[in-house]
Amino acid sequence: MNPEERDELARLLPSPGEPVLTNDCHDLLKDHLMRELTEFREFTEPAAPELPELPELPDIATALRRRARTPRRRFAVIAVPLATAAAIVAAVLAGAVGSGTATNDADAVDLLNRIAEVAAAKKSVPVRDDQYVYVRTQGSMKFSDKDIRVLREARWTAVDGKRGGLSRVTVLVGPPFRPRDPFSSYSKGTHDMRLSPDPNVTTFRELQALPTDPGALLAKIYAGTKGEGQTRESAALEKIGDMLPDATLLPELDAALYRAAAKIPGVSVVPDAKDYTGRSGIGLSFKERDGRTIWVFDKKSYDFLGSADEALLDVGVADKAGETPAA
């Protein structure tokens, strides 16, 4: 075919147009790029600008969970070379092929149901409005690459949510106290911080009022977390994880939370898992969770031990803030 014939044929054929990704592939690419940008920011931005927010946090355990589960993202414009973008697209598309919709592992669902049965069989704890829910945890807070502090927190929150509580933070690993240090409350040692009533925190009485039917409970959690998280499933799992410590005092709700979690896609069993303190157990991993946070349970008792990011050490009821619950 001579050049004139080839040009004539090209004029007769329709324009190929611009390449277009499907909506699913576009969403996958967007999520991948957001993760890349987040990691880029975490490794390139200095840690100092984030630190002034820390003294305002009334609850170290909540701060740890939020920093681990829902990292803040800032909008940024980064010029991505065409070759890099093409490589990302190829990787995303390759991962999408054959992946299908996330389904629940049968063993994981069975484990969640067994955990629920054990939870439901426990005795409920009588709690008065004038008492406090006591939760003790251990985790860490990263101030910089060279400054990661290990924290143990005991937290007392009013059952009815109408009175102030107390957060007692013991910094196990961290710098000594320094005068004029704006973060002296996170220096090595024990520090008390008064907690004001917070309408945004779910109270124990509000937990008691939640439905114990797993389907109805999950629907209520979805409605209450609408617009949060990367997906409604990830937001729901974060909410469930936040409620698990206090829910150990409410057997029916505790069981319903595990059965509700079993309805969320992408759960799988981790045969050998460890919580933050190194306690061994059996784990449950959810595909929808950022960083695949693993819930860890004792292999014999099925007691909730927390996660690799934060260990749950104790839960109980105290008559006064600052007092350890009676054995």
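Biologist: Is Ala262 buried or exposed?
Modeller: In this predicted model, Ala262 has 9% relative accessibility, so Ala262 counts as buried (buried means under 20% relative accessible area, exposed over 50% and partly exposed in between, with a 1.4 Å probe and protein chains only). Local features need pLDDT of at least 70 and side-chain atom pairs count only at pLDDT 80 or more, while totals for chains, interfaces and linings use all residues. Residues are numbered from 1 along each chain as its sequence is written, and side-chain values use heavy atoms, leaving out hydrogens and water.

Biologist: Where is Ala262 found?
Modeller: Ala262 is in the loop between helix H9 (251-261) and strand E5 (267-274), where helices (H or I, at least four residues) and strands (E, at least two) are DSSP runs numbered from the N terminus.

Biologist: New topic: how many aromatic pairs does the structure hold?
Modeller: The structure holds five, and rings of Phe, Tyr and Trp (its six-membered ring) pair if their centres lie within 6.5 Å, with planes under 30 degrees apart counted as stacked, over 60 as edge-to-face and the rest as tilted. Tyr134 and Trp156 form a tilted pair, 5.2 Å centre to centre with 55 degrees between the planes.

Biologist: And what does that pair tie together?
Modeller: Tyr134 lies in strand E1 (residues 132-144) and Trp156 in strand E2 (residues 147-158), so the pair ties together parts that are 22 residues apart in sequence. Tyr134 counts as buried at 5% relative accessibility, and Trp156 counts as buried at 2%.

Biologist: Which residues do ring pairs link into a cluster?
Modeller: Ring pairs link Tyr258, Phe297 and Phe304 into a cluster.
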